[in-house]
Amino acid sequence: MSKENFPLFPWSWPWCSLTGVPLRPLELFLSRKFTFSYLILIWVFWLSDITGPANDCYITGGGISCISGIWPGDLVDAPIRFFTSLFVIPFFHHDTTHIVFVTMSFLVFVQSFEVREGAIRTYILFMICLSVAAVGVTVGMHIGELINSDSEFLRIGFARNWSGGSAGMFGIIGASSHQVRKVWMVPTIAVVFETWNHFFNGIGTLTSTAHMVSMTVGFLLWGYWISSHSESRAIKENRDS
């Protein structure tokens, strides 16, 4: 299949079909079940304000704040809770800026990928990328602590929890690179944005690292998938067009 059949950018209007036709409400929801269900849930949890402080968790207590965010120390001290948290953290966010950013990004990037590839594949890829990024960054933090136990940078990282869907979303962005003519176009845009986000907008180094790790995983994993599985919906649609 020729890359010339692919669009310049992999993004679609969130209220339309792939052909640009506006969809009725039920058709729209069914075409993007994961995206819209996820957005509904994160806003319900956010408005309910049930997570508690980001630094309020103890081995024997702390309530939902213990699993609504990744606690880096739990990888060693409470691994079951750490890996359980991976399924929960995408639905909780620390501040208004974060949840608004994730919402807008889902309405551009994730729904565009989902309408081509389906809800199940999108959710699985989202969770894999988020989990690999979370585990990878956490392992790096523990290794860093072994090398420099007095690091203030790491102390701050270990003293709080980490949550939100932005890491998984960057994985979807990386995967969507394979839905355009120039495979490096989308990663280049994402890297430029994250450079601004870190150096000018003030996002933390650990968060930016998780974003870039997730995007790399999505890029590599989806590239391998589409090269090995010709039944991908995106490939079928382009072949039939």
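The model is a predicted one, so to speak of local features takes a pLDDT of at least 70 and side-chain atom pairs count only at 80 or more, while totals for chains, interfaces and linings use all residues. Residues are numbered from 1 along each chain as its sequence is written, and side-chain values use heavy atoms, with hydrogens and water left out.

As for secondary structure, there are eleven helices and zero strands, taken as DSSP runs (H or I, at least four residues, for helices; E, at least two, for strands) and numbered from the N terminus. Among contacts with a separation of 6 or more, 72% join residues 24 or more positions apart, a contact being heavy atoms within 4.5 Å.

Now for the rings. The structure holds 17 aromatic pairs, meaning rings of Phe, Tyr and Trp (its six-membered ring) with centres within 6.5 Å; planes under 30 degrees apart are stacked, over 60 edge-to-face and the rest tilted. Phe34 and Tyr123 make an edge-to-face pair, because their centres are 5.5 Å apart and their planes sit at 65°. Phe34 belongs to helix α2 (residues 33-48) and Tyr123 to helix α6 (residues 119-147), so this pair ties together parts 89 residues apart in sequence. Phe34 is buried, at 11% relative accessible area, whereas Tyr123 is partly exposed, at 33%.

Methods:
Buried < 20%, exposed > 50% of the residue type's maximum accessible area, 1.4 Å probe, protein only.
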